[in-house]
Amino acid sequence: MKKAIRIIVASEVIITTTSLISFTFYINLQVAFLSSLFVILGSSYAYRKMINNQIDSKSYEDKRDILDDIEDPHGLYDDEPINNAPVEELDLKQIVKEEKAKIKTLSVDSMKHGVRGASSLLRLVPYLFLVLGFIALVNNELLNIAIYLPSLLLGIIVGSITSKELFTEA
């Protein structure tokens, strides 16, 4: 945690010294850096919180390999047999009903889970800061894209390093 705070403080000291170059350079760097830093930190924290909640509630399920999902998204070619009965004794209607029940459909619960993750305040507030900061720079005729865009990258790098330090469990 101390290392993460040192990284953020060192970044802010360097950014503050750019005010000696020009105010436009400083304000573009500061707004872009803080915007992307907050987005990365907020998203990392919200993701960690969501994963911990799923683990605590035991609502996760065994996931198949990514390649298996791509090649066989409905599990049609799984090795496990449907049942061990001879072909003449298979109840195809029952088998179709069982397979349809396994397919996940769009439900209110799945939508609620997706909306809850996407509408987390920890994710929305940083994006709001990003948009409002950009609009403020444009309205005050201070926006310099040549400074703003690389500064976003700087914030992403510092944010990802910091989030690894803050949100990984020892």
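Biologist: Where is the place of Gln-30?
Modeller: In this predicted model, Gln-30 is located in helix H2.

Biologist: Is Gln-30 buried or exposed?
Modeller: A residue is called buried when its relative accessible area is under 20%. Gln-30 has a value of 13%, and therefore counts as buried.

Biologist: Which residues does Gln-30 touch, not counting residues up to four places away in sequence?
Modeller: With those sequence neighbours set aside, Gln-30 touches Glu-12 and Ile-15.

Biologist: How is the packing of two helices described?
Modeller: Two quantities are used: the angle between the axes and the distance between them. Here, helix H1, residues 2-17, and helix H2, residues 23-57, have axes that come within 9 Å and cross at roughly 155°. Angles over 145 degrees count as roughly antiparallel, so H1 is roughly antiparallel to H2.

Biologist: Which residues make the contact?
Modeller: H1 contributes Ser-11, Glu-12, Ile-15 and Thr-16, while H2 contributes Tyr-26, Leu-29, Gln-30, Phe-33 and Leu-34. By class, the residues of this contact comprise 5 nonpolar, 3 polar and 1 charged.

Biologist: How many helices and strands does the protein chain have?
Modeller: The protein chain has 7 helices and 0 strands. Of its 170 residues, 24% count as buried.

Biologist: What share of the contacts in the protein chain with a separation of 6 or more comes from residues 24 or more positions apart?
Modeller: Such residues account for 71% of those contacts.

Definitions and conventions: Residues numbered from 1 in each chain as written. Predicted model: local features only at pLDDT ≥ 70, side-chain atom pairs only at ≥ 80, totals over all residues. Heavy atoms only, no water. Helix = DSSP H or I, 4+ residues; strand = E, 2+ residues; numbered from the N terminus. Buried < 20%, exposed > 50% of the residue type's maximum accessible area, 1.4 Å probe, protein only. Contact = heavy atoms within 4.5 Å. Axes fitted to C-alpha atoms, helices over the stretch in contact; angles between N-to-C directions. Parallel < 35°, antiparallel > 145°, perpendicular 65-115°, else oblique. Nonpolar A, V, L, I, M, F, W, Y, C, P; charged D, E, K, R; others polar.
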